[in-house]
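Q: Can you walk me through this model? I'd like to start with the helix packing and then look at a few single residues.

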Amino acid sequence: MSDEHKIIQQVYRAKENIQEADWLIGTYMPFIKAETAKYLKRPPIEGHDDELSIAMIAFHEAINGYSRARGAFLKYASMLIRSRLIDYSRKERRHSHVISLDAPVGEEDTVFGEILADEKDFHEEAASRDATRAEIEELTQQMKVFDVSLSDVADNCPKQQRTLAACRRALQYASENTELLEELLRTKRLPIGRLSAGSGVERKTLERHRKYMIALMLIYTNGFEIIRGHLKQVLKGVAIR
C-alpha cells in the first residue's frame, strides 16, 4: 500500500471518529509545525504562537473537507493551513492597534489612520500576492502532467459568451459529481463522454476546449481557494441555460 493511499484511509477514518482525528493531528504535528514555520519564517513556539493553534484547526478542517477528488491530502492540508494563517494575520492587524486613528502624526496634517491604512493595505496585498503565486505555481505543476500550460489555457478559452456558459455548465456538473474529478486525476484524461451526457453540453464543444476544461476541473480538485474565487467572479455574469 502506498503512503498516500494509507494517509487517505486514515483521513477517511478520522472523518467518522474524533479519536482517530486527534491521533492523526498528533501524528502529523511535525508537518503542521513545518507549515507554520514556513509562514512565520521561524519555528513556532508552543503555547506562545497562536499561529500554531490556527494551523492545527486548519489541519482538522482539512480532514473534514477532504475528498479524493482534491488530490494528495497533504498538499490540500498545506494550502488550507496557509490560507487560514493569512486570514488570521489580516484579522490580527485590524485589531492590534489601539491608538486613535485621528491622532496627528508629525507636523503635517496627516493622521495616524491614513498611515495605518496604507501600511495595512501593503501587507495584506503582499500576503495575498504570495498566496496567489503559490497556488498558480502548484496549478502549473499539476497541469504539466496533462501536457497543458497556462498559455494553452488562455489560447483555448472560449471567446463567445454562449460557449463560455456551456463550459460553465459542464464545470458545475463536474463539481457536483466529484467522481468525474477523481476520474480526471486517475486517468489523466478529460471524461468527455460522461461530462457531455451529464451536463447536456455538446461533445464537440468540450473537445474543442479540452485544455481549458482540464484546467477548470483541476482548480476544483485540490483546494485552490484563491484561484477558484477569482474564477467565480469571472464566470458570475455568464448565464446558464
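What follows is a short chat about helices and some residues in this model.

A: First, this is a predicted model, in which local features need pLDDT of at least 70, side-chain atom pairs count only at pLDDT 80 or more, and totals for chains, interfaces and linings use all residues. Residues are numbered from 1 along each chain as its sequence is written, and side-chain values use heavy atoms, with hydrogens and water left out.

Q: At what angle do α1 and α2 cross?
A: Roughly 135 degrees, and the axes of α1 (residues 3–16) and α2 (residues 18–27) come within 6 Å. Axes are lines fitted to C-alpha atoms, for helices over the stretch in contact, and angles run from 0 to 180 degrees between N-to-C directions. Helices are DSSP runs (H or I, at least four residues), numbered from the N terminus.

Q: Which residues make the contact?
A: On α1, Gln10, Val11, Arg13, Ala14 and Glu16; on α2, Ile18, Glu20, Ala21, Trp23 and Leu24. Contact means heavy atoms within 4.5 Å.

Q: New topic: which residues of α3 are buried?
A: Met29, Phe31, Ile32, Glu35, Thr36, Tyr39 and Leu40. Buried means under 20% relative accessible area, exposed over 50%, partly exposed in between (1.4 Å probe, protein chains only).

Q: What comes just after α3?
A: Lysine 41, with a positive phi of about 65 degrees.

Q: And where does aspartate 87 lie?
A: In helix α5 (residues 73–95). Aspartate 87 has 29% relative accessibility, so it counts as partly exposed. Its C-alpha atom is separated by 9.9 Å from that of isoleucine 54, 33 residues apart along the chain.

Terms used: Helix = DSSP H or I, 4+ residues; strand = E, 2+ residues; numbered from the N terminus.
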